[in-house]
Each structure stands twice: as C-alpha cells, then as structure tokens.
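Biologist: I would like to learn how to read a model of this kind, beginning with the ligand and then moving to the fold. Could we go through it feature by feature?

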Amino acid sequence: MNTVKLCIDTDPGIDDALALLLAFQLFDGRIVGITSVAGNQSVDKTTANAAKLLDLANQTIPLYRGAEGPLARTSIIAEEVHGITGIGKAVLPQSRRTIEKSPADEAIYEMACEYNGQFEIITLGPLTNIALSLMKHRDLAAKIKKITMMGGGSYAGNVTPYAEFNFFADAEAADIVFRSGIPIVMVGLDATHNATITKTEATDALNEESYTQFIALELFESLFENHLYHSVNTSYMHDPLAVAAHYDPSLVSLSDAHVSIVCEPNEHYGQSLVEFYHDSPNAKVALDCDLDRFRELLFSTLTSYHEH
Ligand code: BDR
Ligand code: CA
C-alpha cells in the first residue's frame with residue numbers, strides 16, 4: 001500500500017475541477033491538503049470552487065487559501081476559457097466549509113515537515129505557492145519526494161506562441177521550482193495535447209442520474225463549447241492527465257531533461273526551455289500519453305461516483 005501523502009495545488013478551473021474529482025477517488029485517504037492559487041480565476045473564486053468540489057465529493061480534506069497573484073509580474077486570469085465563476089457552466093452550491101487559517105505556502109511547509117520525505121505535490125496551476133514556500137524555507141526542497149506538475153511544453157505554448165498558461169502566469173515561480181532540486185515530473189502540452197476527450201465519449205460514459213457525474217458532464221460541456229480549448233466537441237485534458245500521470249507514470253512517456261524558464265520580459269516570457277541532451281537533468285518531461293488507457297482510467301473513475 002502506498003503511504004506517501006499528497007497535496008494538490010490548484011486553480012479551479014474547469015479542467016482542475018475534473019482533475020480533482022479524479023484525484024479524490026484515485027488517492028483516497030492519501031490527500032492531506034488542497035491548496036488554492038490565483039490562476040484561471042482570482043484566488044477568492046478558485047478557493048470557493050475548491051471548497052464546492054470538496055463538498056460535492058464529500059471530502060473532508062483541509063483547504064488552504066493560496067497566493068492572490070504572481071511573485072513579480074502583473075496578474076492574469078483565464079476567464080475567456082473558464083468563465084466568470086472559473087468552472088464554466090457548472091453550478092454548485094455555496095460551501096459552508098471553513099478555510100484553514102494557515103496560508104497555502106505555510107501549510108505546504110507544515111505538511112512537508114510532518115510527512116518528511118514521504119510527501120508529494122501535484123500542481124495544476126501557477127507555481128506561486130510552492131515558490132513562496134521554497135523562498136521562506138531553505139530545508140523544504142529536501143522534504144518533498146516528488147512534484148508532478150501540469151505546465152510548460154517543449155515545442156509550443158498555448159497563451160503565447162512560446163508559453164503555456166501556468167508558467168506564463170508566474171514564470172518567476174516556475175523558475176524557482178525548477179531550480180529547487182525537487183524531483184519533478186513535468187506534464188506539459190507535449191503530452192496533454194494528445195490527451196483529448198470528445199463529446200461523444202463523455203456523454204456515452206457518464207450517467208447524469210448521478211449528481212457528481214452530471215456536474216462532470218457540465219464541466220466537459222463547458223470545455224467542448226470553448227474553441228480556445230481545442231475545437232468544438234473535443235477538449236484537452238491538461239490537469240486530469242497530470243493527476244493520472246502521478247497515479248500511474250506509465251500512462252505518459254517520460255524523458256529526462258533540463259528545464260529552464262524564460263523570465264526576461266520579452267516575447268518568450270514563461271517559455272520552458274527543454275534540453276534533452278544535458279548533463280544535469282532536473283525533470284522528467286512527459287512527451288506523449290497512452291490515450292486509451294488514460295480515457296479508461298478517467299471514465300472508470302468518474303463513473304465510480306454513484307450518489308443520486
Ligand atoms: C493549464 O492552464 C489552465 O487554464 C488549465 O487549468 C491548465 O492547468 C493548461 O495550459
Ligand atoms: Ca489548472
């Protein structure tokens with residue numbers, strides 16, 4: 001039995017929401033904290049969405065509010081993709097859950113100390129919280145076993161020709177994390193652009209009589225309706241693939257590489273420079289995914305929510 005504890009750092013976010021529903025089932029009993037961060041929407045909204053999703057899945061995992069904005073650059077959000085609430089057209093009841101007192105960056109350090117060496121993080125948004133924690137605590141990096149992150153890419157961006165959203169939203173933070181020495185699995189656009197779900201697959205698989213599956217379908221549909229996220233009726237599963245790859249790394253093909261982040265304020269800001277032929281790799285980079293097995297894992301997990 002895997003006893004390593006896990007924190008999920010996230011900016012829900014439509015695909016974050018699907019990723020969380022996936023993670024709650026795959027890592028049942030192992031998730032010791034959810035930390036929110038500004039990204040797809042303001043941190044007020046991403047925190048509220050995380051709380052609603054925890055309620056939806058009947059989870060008591062502590063929720064910590066994270067950074068309001070990036071370390072150095074001006075804030076950006078992705079309302080054109082994720083909508084005014086951040087979770088598209090899915091409507092969930094307001095949560096009455098208490099948000100923990102510790103800010104996310106402190107909570108990350110506290111969790112890492114408690115589960116020293118047996119603690120992993122999945123990041124689904126900008127890396128601000130992790131970077132803040134690393135800046136404050138020099139001993140943090142050695143306590144984290146692994147970070148699996150959704151971010152970056154070796155050949156292209158999605159918000160600029162060069163940069164992927166999570167790294168573009170806080171390149172300075174990504175830079176700090178890649179320099180930290182923490183073992184990193186980078187699940188970027190090389191792999192997630194091959195992790196597609198079609199409308200037919202989602203509607204065939206999910207049973208709307210289950211409230212959670214109905215909400216999952218609303219989330220999928222919000223993505224299918226958005227041309228920016230792929231094309232009509234098909235969508236990239238960026239964040240769900242990162243969760244799936246953390247659960248089963250054989251779902252992605254990984255190559256050792258040295259990743260550095262462009263922080264200069266030019267057109268390459270936020271780009272991940274991925275060097276495969278390098279003496280000192282600092283990450284394993286996902287270059288592809290096993291689409292059939294990923295789809296099978298995603299839908300078999302989402303359809304395990306049975307409540308009506
Ligand atoms: C990433 O950006 C966000 O909009 C998504 O939630 C995902 O984490 C994809 O570039
Ligand atoms: Ca995200």
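Biologist: How many residues of the shell around ligand 1 are nonpolar, how many polar and how many charged?

Modeller: Please keep in mind that this is a predicted model. Sorted by class, the shell around ligand 1 holds five nonpolar, six polar and four charged residues. In total 15 residues surround the ligand, and the closest are Gly13, Asp15, Ala78, Phe165 and His238. Two or more shell residues come from each of the elements α1 (14-26), α6 (165-169) and α11 (238-247).

Biologist: Turning to the strands, which way do the residues of β1 point, and are they buried or exposed?

Modeller: A residue is called buried here if 20 or more other C-beta atoms lie within 10 Å of its own. In strand β1 (residues 5-10), six of the six residues are buried. Lys5, Cys7 and Asp9 point one way from β1, while Leu6, Ile8 and Thr10 point the other way, and all are buried.

Biologist: What is the order of the strands in the open sheet, and which strands stand at the edges?

Modeller: Nine strands form the open sheet, in the order β3-β2-β1-β4-β5-β6-β12-β10-β11, with mixed pairing. At the edges stand β3 (63-64) and β11 (272-275), each with a single partner strand, so one side of each is left without a neighbour in the sheet. The protein as a whole has 12 helices and 12 strands.

Biologist: What radius of gyration does the protein have, and how does that agree with a compact globule?

Modeller: For 308 residues, a compact globule would have a radius of gyration near 19 Å, and the 18 Å of the protein agrees with this. Its C-alpha atoms fill a box of roughly 50 × 40 × 40 Å along the principal axes, and buried residues make up 53% of the 308 residues. Among contacts between residues at least 6 apart in sequence, 82% join residues at least 24 apart.

Notes
Residues are numbered from 1 along each chain as its sequence is written. Chains are lettered from A and ligands numbered from 1 in the order in which they are written. This is a predicted model: local features need pLDDT of at least 70, side-chain atom pairs count only at pLDDT 80 or more; totals for chains, interfaces and linings use all residues. A residue is near a molecule or strand if its C-beta atom, placed from the backbone, lies within 6 Å of it. Helices (H or I, at least four residues) and strands (E, at least two) are DSSP runs, numbered from the N terminus. Ala, Val, Leu, Ile, Met, Phe, Trp, Tyr, Cys and Pro count as nonpolar, Asp, Glu, Lys and Arg as charged, and the others, Gly among them, as polar. A residue is buried if 20 or more other C-beta atoms lie within 10 Å of its own, exposed if 12 or fewer, and partly exposed in between; C-beta atoms are placed from the backbone. The radius of gyration is taken over C-alpha atoms; the globule rule is 2.2 Å times the number of residues to the power 0.38. Two residues are in contact if their C-beta atoms, placed from the backbone, lie within 7 Å. Two strands pair if DSSP finds at least two bridges between them.
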